[in-house]
Amino acid sequence: MKQLIYLFLLLPLFTLFAQDREIRLSNVIENDSIKVVDDNYREDQFYVSVTYNLLGNKPDGVSQNGFSSGFHFGFIRDMPLNERRNVAIGLGLGLSTNSFNQTLFISENNGVYDYTVLDDDTSFSKNKFTTYLIEIPLEFRWRTSTAKDFDFWRIYTGIKMGYVFYNSSKYRGSPNDISLSNISDINKLQMGLTFSAGYSNVNFYLYYALNNIFGTDAIVSSSAENVDMNAIKIGLIFYIL
């Protein structure tokens with residue numbers, strides 16, 4: 001249900017992108033006598049990304065099941081570094097939500113969290129945790145753009161810093177359903193490397209977390225192993241001029 005809400009929220013952005021693109025192209029192509037061309041253009045952009053979320057460094061016995069998704073959107077300010085304006089630094093602000101369906105069961109007793117690996121004998125229909133973040137992307141940007149070209153190749157790479165302002169965990173199964181929120185063991189600060197590349201507004205996207213999702217207090221009860229999982233996100237990112 002949440003995924004459908006996000007898609008409905010994003011549809012107006014794609015509509016605005018199409019309308020803006022048509023207007024800009026008509027100004028350049030159809031009005032040959034006037035030619036509205038901005039030699040000091042910037043690639044200031046809204047971005048929308050949809051990712052498949054993986055977990056790295058999983059504890060023994062933990063596996064992912066179902067589809068773990070991520071939705072990310074925000075705005076990036078472009079700051080060109082050269083005269084041609086095809087090399088730049090981008091700094092932005094955005095929001096992100098990430099779900100991870102897996103077999104690490106989280107329970108709580110008097111403020112203490114317990115982590116248990118679900119085995120084949122446990123009957124359950126859902127077990128996931130979700131994080132909601134405010135993010136600040138910082139990118140080094142290279143592209144083949146000019147003041148007249150709106151379709152071009154790009155490679156953007158950088159770092160993304162995030163603050164987890166809310167998190168939740170949901171378990172649906174035997175013997176009881178359990179829902180938790182604001183789990184204190186989840187690290188508030190998240191940081192990762194980013195890479196995007198492609199042509200026009202559709203691009204491949206990769207995020208690799210540099211720190212763990214959970215803090216050092218998160219330990220699997222049966223093995224005394226730290227929950228040192230980090231996030232890896234693979235998907236598509238759409239840049240809306």
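The model is predicted, so local features need pLDDT of at least 70 and side-chain atom pairs count only at pLDDT 80 or more, while totals for chains, interfaces and linings use all residues. Residues are numbered from 1 along each chain as its sequence is written, and side-chain values use heavy atoms, with hydrogens and water left out. The chain has 1 helix and 11 strands. Of its 241 residues, 42% count as buried.

**Confidence**

- The mean pLDDT of the chain is 85, and 84% of its residues reach 70 or more. The pLDDT is the predictor's confidence in each residue, from 0 to 100.
- Residues 1-35 have pLDDT below 50, and this stretch has 29 contacts in the model beyond near neighbours in sequence.
- Where pLDDT is low, the predicted coordinates should not be read in detail.

**Overall fold**

- From the N terminus, the order of elements is α-β-β-β-β-β-β-β-β-β-β-β. Helices (H or I, at least four residues) and strands (E, at least two) are DSSP runs, numbered from the N terminus.
- Among contacts between residues at least 6 apart in sequence, 71% join residues at least 24 apart. Contact means heavy atoms within 4.5 Å.
- The accessible surface comes to about 12,600 Å², and 59% of this belongs to carbon and sulfur atoms. Areas come from the Shrake-Rupley method with a 1.4 Å probe; for residues, only the protein chains shown count as cover.
- Burial follows relative accessible area: buried is under 20%, exposed is over 50%, and partly exposed is in between (1.4 Å probe, protein chains only).

**Strand pairing around β6**

- Strand β3 (residues 87-101) and strand β6 (residues 124-143) run antiparallel, joined by 13 bridges. Two strands pair if DSSP finds at least two bridges between them.
- N98 has T131 in β6 as its bridge partner.
- β6 also pairs with strand β7 (residues 153-173), again in the antiparallel sense, over 19 bridges.
- F140 stands opposite T157 in β7.
- In a regular strand the side chains alternate between the two faces of the sheet.

**Two buried asparagines**

- N101 is found in strand β3. It is buried, at 13% relative accessible area.
- The side chain of N101 reaches the backbone oxygen of F67 at 2.8 Å. A polar contact is a pair of N or O atoms within 3.5 Å; within protein, one must be able to donate a hydrogen and the other to accept it, and residues adjacent in sequence count only if both atoms are side-chain atoms.
- The C-alpha atoms of N101 and G66 are 6.0 Å apart, although 35 residues separate them along the chain.
- Leaving out residues up to four places away in sequence, N101 touches Q64, N65, F67, S68, N127 and K128.
- N127 lies in strand β6. It is buried, at 3% relative accessibility.
- A polar atom of the N127 side chain lies 2.9 Å from the backbone oxygen of Q102. The N127 side chain also reaches the backbone oxygen of L104 at 3.1 Å.
- Beyond its neighbours within four places, N127 has contacts that include F100, N101, L118, K170 and Y171.

**Salt bridges**

- The structure holds 5 salt bridges. Each is a side-chain nitrogen of Lys or Arg within 4 Å of a carboxyl oxygen of Asp or Glu.
- D44 and R77 form one at 2.6 Å, N to O. This pair links distant parts of the chain: D44 is in the loop between α1 (2-29) and β1 (45-56), and R77 is in strand β2 (residues 69-80), 33 residues apart. R77 is partly exposed, at 40% relative accessibility.
- D78 and R141 form a salt bridge at 2.9 Å, N to O. D78 lies in strand β2 and R141 in strand β6, so the pair ties together parts that are 63 residues apart in sequence. D78 is buried at 0% relative accessibility, and R141 is buried at 0% too.
- D78, E139, R141 and R143 are linked in a network of salt bridges.
- K160 forms a salt bridge with E135, with the closest N and O atoms 3.6 Å apart. K160 is in strand β7 and E135 in strand β6, so parts 25 residues apart in sequence are tied together. K160 is buried at 6% relative accessibility, and E135 is buried at 3%.
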